[in-house]
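I opened a notebook page for this model and set down what I looked up. The entries follow in the order I made them.

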Amino acid sequence: MSVISVTSRELADMPRAERALLINSLPGYKTGMLVGTCDAQGQTNLAIISSQVHLGSNPPLLAMILRPTSGQSERHTLGNILETRCWTLNGFTLDRAAQAHQTSAPYPKTQSEFDACGLEEEWLPAFAAPFVKDAPLQIGCVLREHQPLAINGTHMVIGEVQRLHYPEAARRTDGALALDAMGLVAIAGLDTYTQPDKGLRFAPADTETAPAAL
Ligand SMILES: Cc1cc2nc3c(=O)[nH]c(=O)nc-3n(C[C@H](O)[C@H](O)[C@H](O)COP(=O)(O)O)c2cc1C
């Protein structure tokens, strides 16, 4: 098998779009999430964001990395989160991948991606951000910390999970969620949507015994 080796000089000299696609591929498969927000006037927004990170379980914290508004593009998700301090994360199935991908188009602030991409809003009691109706996994987060990152001007927003909705059939007896049972999509790079199967599972590893399949 021939191998390509890329130096940091070659990365720096690469055309911008090609470098973005290459580097975006490196973190591997990530769960695809549609982030629902609204501004203080109630204008809703939906954007696909794949940079979700588990920060801790007690308190239950999820973080994501958002690009800010720049000269070329407005970023509504970050502005809305800083304004209303909450957002929703909505998993989706492969039959909705095209609609989910379309939310990454640069719609103006006055046009909600829910309408533009044919996804329905769902408002749940006492939560000030819209969920995607019929999403197999719905998570409501409130802002706990916001860290602008000096290294490249992106922002880390850290949310505490305050709402959680999923089908009973997806709950395993040990408490974990069977993501395959919900048909959740995983994303590679900026353009590939795939549905993983249940894969292999193992009991917690220890130094004395061989891996035990579950
Ligand atoms: C597969 C995929 C994953 C993306 N992940 C992120 C991400 O993690 N962070 C981010 O800032 N933008 C990400 N984007 C880009 C946003 O979806 C895009 O900029 C969108 O227009 C932002 O919408 P907004 O202005 O309504 O917030 C991703 C795009 C695609 C297609």
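The model is predicted, so I kept local features only at pLDDT of at least 70 and side-chain atom pairs only at pLDDT 80 or more, while totals for chains, interfaces and linings use all residues. Residues are numbered from 1 along each chain as its sequence is written.

**Entry: Ala 128**

I looked up the contacts of Ala 128 and, leaving aside neighbours within four places in sequence, found Thr 84 and Cys 86. Ala 128 lies in the loop between strand S7 (121-122) and S8. Helices (H or I, at least four residues) and strands (E, at least two) are DSSP runs, numbered from the N terminus. I call a residue buried if 20 or more other C-beta atoms lie within 10 Å of its own, exposed if 12 or fewer, and partly exposed in between, with C-beta atoms placed from the backbone. I also took the C-alpha to C-alpha separation of Ala 128 and Ser 73, which is 26 Å in space for 55 residues in sequence.

**Entry: whole chain**

I counted 5 helices and 12 strands in the protein chain. Of its 214 residues, 24% count as buried. Along the principal axes, the C-alpha atoms fill a box of roughly 60 × 50 × 35 Å. Among contacts with a separation of 6 or more, 59% join residues 24 or more positions apart.

**Entry: ligand shell**

The ligand is surrounded by 18 residues, and the closest are Ala 47, Ser 51, His 76, Thr 77 and Ser 104. Which element gives the largest share of the shell? S3 does, with 4 residues. Strand S3 (44-49), strand S5 (60-66) and helix H3 (76-84) each supply at least two shell residues.

**Entry: core**

A nonpolar core is a set of buried Ala, Val, Leu, Ile, Met, Phe, Trp, Tyr and Cys residues joined through C-beta atoms within 7 Å. The largest one has 32 residues, and Leu 34, Val 35, Ile 49, Trp 87 and Cys 141 have the most contacts inside it. Strand S2 (33-38), S3, S5, H3, S6, strand S8 (131-132) and S9 each supply at least two residues of this core. I then looked up Ile 49, which touches Met 33, Val 35, Met 64 and Thr 77 once neighbours within four places in sequence are left aside.

**Entry: strand pairing**

Two strands pair if DSSP finds at least two bridges between them. Strand S6 (residues 86-90) and strand S9 (residues 138-148) run antiparallel and are joined by 5 bridges. Opposite Leu 89 stands Ile 139 in S9. S9 also pairs with strand S10 (residues 155-165), antiparallel, over 10 bridges. Here Leu 143 faces Gly 159 in S10. S9 and S10 form a hairpin with 6 residues between them, and Gly 153 in the turn has a positive phi of about 80 degrees.

Key
A residue is near a molecule or strand if its C-beta atom, placed from the backbone, lies within 6 Å of it. Two residues are in contact if their C-beta atoms, placed from the backbone, lie within 7 Å.
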